[in-house]
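Take a look at the structure below. This report walks through its helices, its aromatic pairs and its surface.

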Amino acid sequence: MLTWLVLERLLKGKSSSVGASVGAVAGLVCITPGAGFVTPGWSIAIGALGAVWCYMSVGTLNLVDDTLDAFGLHGMGGIGGAIFTGIFALDGGLIYTGSFELLGKQIAGAAAGVAFSALGTALIVVVLGLVMKLRIPEEHERSGIDQHTHGESYHSPVKKYPQAQVSESSDFSESDAVC
């Protein structure tokens, strides 16, 4: 979380509460594959490295229609976590043994997971495409789908409050008026 917040501050000029939540998820997703195989210190390092990995992934993958950054966080976070496990694991990790054997196995496992997920997702999309539309019309997408699809609006209408009137006979200056 802290790494993500620092990245936001450095690259966007400000940190956000959403960034804090997303950063926490990124770190946890990345450490999950290796949680039982690394030291507590390496788990913190993996969480920090994972936040950088996921931040870059989310920024790069924002070109696709993934509103919640699910693949950038969970998909890429899992891949990164698998690779980091091959590097930092106490039993067979690259740092401790100098051997690339576990790292190679971790990369192969991550690649197999990506292939399985891609094929499964493609199959699901094809089947769904046969029985229903996968996208709403573009004009509804541009205007927002809340009202059209759900019959309600997520956003409450903006309330207009009357402007405070400041008379010249008032004891307050213009700078004291709340507008």
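Val 126 sits in helix α6, which covers residues 101-131. The model is a predicted one. Val 126 also belongs to a nonpolar patch on the surface.

Val 114 is partly exposed, because its relative accessible area is 38%. Val 114 and Met 76 are 38 residues apart along the chain.

## A salt bridge

How many salt bridges does the count come to? The count is 1 salt bridge. The side chains that meet there are those of Lys 105 and Glu 101. The distance from N to O is 3.2 Å. Side chains of opposite charge can pair when their charged atoms come close.

Both residues lie in helix α6, 4 residues apart, so about one helical turn separates them. The cut-off for exposed is over 50%.

## Aromatic pairs

The structure has 3 aromatic pairs. One of them joins Trp 4 and Tyr 55. Their geometry is edge-to-face, with 75 degrees between the planes. The ring centres are 4.9 Å apart. Trp 4 is in helix α1 (residues 2-12), while Tyr 55 is in helix α3 (residues 40-61). The pair therefore ties together parts that lie 51 residues apart in sequence.

Trp 4 counts as buried, because its relative accessibility is 5%. Tyr 55 counts as buried as well, at 13%. Buried means under 20%. Elsewhere, Trp 42, Phe 84 and Phe 88 form one aromatic cluster.

Val 22 is part of helix α2, residues 17-31. Which residues does Val 22 touch, not counting those up to four places away in sequence? They are Trp 4 and Leu 73. Val 22 and Met 1 are 21 residues apart in sequence. Their C-alpha atoms are 7.4 Å apart in space.

Thr 85 belongs to helix α4, which spans residues 70-88. Why does Thr 85 count as buried? Its relative accessible area is 5%, and the cut-off for buried is under 20%. Leave aside the neighbours within four places in sequence, and Thr 85 is in contact with Pro 33, Gly 34, Leu 102 and Gln 106.

## Annotated regions

An unreviewed UniProt entry annotates residues 18-38, 44-64, 71-90 and 110-132 as "transmembrane region". Two of these spans can be described further. For residues 18-38, the end C-alpha atoms lie 29 Å apart. That span is 67% helix and 0% strand. For residues 71-90, the end C-alpha atoms lie 28 Å apart. This span is 90% helix and 0% strand.

How values were computed. Residues are numbered from 1 along each chain as its sequence is written. This is a predicted model: local features need pLDDT of at least 70, side-chain atom pairs count only at pLDDT 80 or more; totals for chains, interfaces and linings use all residues. Side-chain values use heavy atoms; hydrogens and water are left out. Patches are made of residues with over 30% relative accessible area and no salt bridge: like charges are joined within 9 Å, nonpolar side chains (Val, Leu, Ile, Met, Phe, Trp, Tyr) within 5 Å. Accessible areas come from the Shrake-Rupley method with a 1.4 Å probe; for residues, only the protein chains shown count as cover. A salt bridge is a side-chain nitrogen of Lys or Arg within 4 Å of a carboxyl oxygen of Asp or Glu. Helices (H or I, at least four residues) and strands (E, at least two) are DSSP runs, numbered from the N terminus. UniProt positions are given in the numbering used here, feature names are shortened, and annotations may be inferred rather than shown by experiment. Buried means under 20% relative accessible area, exposed over 50%, partly exposed in between (1.4 Å probe, protein chains only). Contact means heavy atoms within 4.5 Å. Rings of Phe, Tyr and Trp (its six-membered ring) pair if their centres lie within 6.5 Å; planes under 30 degrees apart count as stacked, over 60 as edge-to-face and the rest as tilted.
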